[in-house]
Amino acid sequence: MDQNENLIPETEPAASSEDAPKAAEAPLGEGAREVGESASTSADEENADDRAESPVPAPPTDWRFGDTDAEKRDVRPQGSGGARSFFAVFGGVVAAAMALLLLVLCLGESGFHILRTVTVEKERIVYVREYDSASGLLTPNEAADQMKKSTVTISVRTATGVGVGSGFIYTENGYICTNHHVVDGATSIQVILPDGEAVDATPVGSDEMADLAVIKIDKTGLVPAQIGSSADLLVGDDVVAVGSPASIDYAGTSTFGKISYTERIVPLTDDQGMVYKRMHLIQTDTSVNPGNSGGPLADMYGRVVGIVVMKVSYFGGTVYDGIGFAIPIDAAKTVIDEIIRDGRFTGENPVATGRAVLGISGRGVMGGYWYSDLGAEDCIQSATEKNGYTYIAHDGVYVMSVSGTNAAGKLYQGDIITKINGLNMYTVYDVIDQVNRYAPGQAVILTVLRPGRGDYYTVTIKIVLAAE
C-alpha cells in the first residue's frame, strides 16, 4: 500500500483546461418542512363544547408558587405582603444587575484582562478564556471577513497544465506567502486579489522541506494579514480557514472548525512507502480541500495561526474527513522572513525534519517456527523441525546486522526486538512505522530477547534515534 495516498496536499492538481471537471452543486434542504406543523387533534379539543357549558371559576389574582390548597383558597387582595415580597426580590435582582453593569462601565478596559487562565488542581487542568473588550476578540463572521481582505488565490501554469492554490498577503508592498508545492514547477504565476484583480507574480524563494514559498507582486497599499501565535493554541479553540477550494470560482470560501491537536508529527512517504520527512503540524477538523493549500488558518481574533498544507483523505481503503493540517505560524515565520531577506532558507528547519533510523537491518520472525539461516537474504521458514534450522519461540524482529553508531554496542546480531516503547513488533515495517513516530535525537526503549545459554533472556535497551 502506498502510504503517500493518505496525505494529500491541498492544492488543485494541475490539469489541462479540456480535462478540468465541472463543479456539481447539490440542492440543500430539499423536502424540509416548517417547524411547528401539526395534524394531530387532542381529546380536549373534541370535548370543547362540553367544557363551554360548565362554568369556570375566575382565577385568583395572586399566584404564590408552593402554596398548599388551603392557602390558595385564602386569596388576599392585591397589594398584600406576598406581592410586596415579590416586588422586593425583583427589585433587588434588578438593582444587582444594574450595579454590575455600572461597575463594568466604570472600570472599562481595566475590568477584565485575563484571556486564558490555566489552573492545575488535583491532576485536572482547567482552561478559562474570558472576554475582554480591548482584546480584539471577534465573532466568527467578523474573523472571516477580516481574513478575506488579506487572502488571495494563486493560479499557476506548469508544463502539464494549470493549478490553483491559496495564499495570504504578508506585507503591504506585495510579499505573499503560500506553499512550496503550490508554485513548484510553475512557468507563470498570477495572484487574484480579494477584489478580483489579477496580477502577475514572481517567485522570491521557497523551502521544499518546510513546504513554504514567498512570491511577490508589484503593488503597494495591500492589506497584510495580522500574524498571531501558534504557541497560544489550545485543543478546542475556534479557527477559520479561508481559501479557494476546487477553483477560482470558490475564492474567499470560509470554513469553520476547531483545533484538534496542537503539535502533530506527520510522516510523509515517497512512492516506495519510505518516510522522507516528518512535519510538525497543527491538526484541525476545519474543512480544507484541494485549492486551500497556502491559505491562512486564523483564530477568532482574525490572526493567522497556521498555513493550510494538507489533509488525510484516504488510508487503508477507507475515506476520511475532518483531518486537516496547517503549518504553525511561529515556525513558518522563521522560514518566511529569511526567504524574504535572503531569497532562501538555510537554517535549522523548524517545520520538518529528516527521517529517523534505528541503525539496524532485520527481518520479522514468527514464534513456533524453524528458520534455515536468519542472517541470509534467502532464509527459509519451516513449520517442522529440520537439520541445521534454528527454532524461534517468540514473535519479533530478528537483528541481522547493526549499521548505526547509535545502536553499536547496544544491539547485536541475533537479538530479537519484541517491543519499541511498549508496542509489539512483528515485522520490519512495524519497526519502521514506530521509529517514524519520533524525530532524530529522540530516545526509544526497546524490549529485546537476547540468546543466552540454551535460551533467550530479556533485556531493555535505550537507543537514541539517528538521522538518515
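Two residues are in contact when heavy atoms of theirs lie within 4.5 Å. Keep that in mind for this predicted model. Take the contacts between residues at least 6 apart in sequence: 62% of them join residues at least 24 apart.

The overall make-up comes next. The protein has 8 helices and 31 strands. It has 468 residues, and 37% of them are buried.

How far can the model be trusted? The mean pLDDT is 80. A value of 70 or more is reached by 72% of the residues. Residues 1-6 have a pLDDT below 50, and this stretch makes 18 contacts beyond near neighbours in sequence. Residues 104-115 also stay under 50. For them the model has 14 contacts beyond four places in sequence. Where pLDDT is low, the predicted coordinates should not be read in detail.

Now turn to the interior. In soluble globular proteins, nonpolar side chains tend to be buried together. Here the largest nonpolar core has 35 residues. Those with the most contacts inside it are F168, L212, M279, L281, I307, M310 and I327. Helix α7, residues 329-342, gives this core its largest share, 6 residues. A second, separate core has 19 residues, including A356, V399, L411 and L446.

L281 shows what surrounds one member of the largest core. Residues up to four places away in sequence are not counted here. L281 then touches T262, E263, R264, V266, V309, M310, F325, A326, I327 and P328. Two of these partners, M310 and I327, are also listed among the core residues with the most contacts.

V305 is another buried residue to look at. It lies in strand β16. Its relative accessible area is 0%, so V305 is buried. Which residues is V305 in contact with, leaving aside its neighbours within four places in sequence? They are S229, S230, L233, V239, I282, L297, A298, D299, I327, P328 and I329. V239 is 66 residues from V305 in sequence. In space, their C-alpha atoms are 8.8 Å apart.

An α-helix has 3.6 residues a turn, so residues three or four places apart point the same way. Start with helix α5, residues 140-148, where A143, A144 and M147 are buried. These residues lie on the same side of α5, because they cover an arc of only 100 degrees around the axis. What covers them includes β5 (151-157), β12 (238-243), β13 (253-269), β15 (296-299) and β16 (303-311). V305, described above, belongs to β16.

Helix α8 spans residues 428-435. Its buried residues include V431, I432, Q434 and V435. Their arc around the axis is only 165 degrees, so they too sit on the same side of the helix, here α8. They pack against β14 (275-284), β21 (356-357), β26 (396-402), β27 and β28.

The loops deserve a look as well. S244 and A246 both lie in the loop between β12 and β13. Is S244 buried or exposed? S244 is buried, because its relative accessibility is 1%, under the 20% limit. Beyond residues up to four places away in sequence, S244 touches T153, V164, G165, S166, Y250, A251, G252, P290, G291 and N292. A246 is partly exposed, with a relative accessible area of 36%. Its phi is positive, about 75 degrees, although A246 is not a glycine.

N421 also has a positive phi without being a glycine, at about 50 degrees. N421 sits in the loop between β27 (416-420) and β28 (423-424). Those two strands are among the elements that the buried residues of α8 pack against. With 32% relative accessibility, N421 is partly exposed.

The cysteines close the tour. A disulfide is a covalent bond between the sulfur atoms of two cysteines. How many disulfides does the model have? The count is 0. C177 is buried, because its relative accessibility is 0%. C379 is buried too, because its relative accessible area of 19% falls under the 20% limit.

Conventions. Residues numbered from 1 in each chain as written. Heavy atoms only, no water. Helix = DSSP H or I, 4+ residues; strand = E, 2+ residues; numbered from the N terminus. Buried < 20%, exposed > 50% of the residue type's maximum accessible area, 1.4 Å probe, protein only. Disulfide = S-S within 2.5 Å. Arc of directions from axis to C-beta. pLDDT = per-residue confidence, 0-100. Core = buried A, V, L, I, M, F, W, Y, C linked by side-chain atoms within 4.5 Å.
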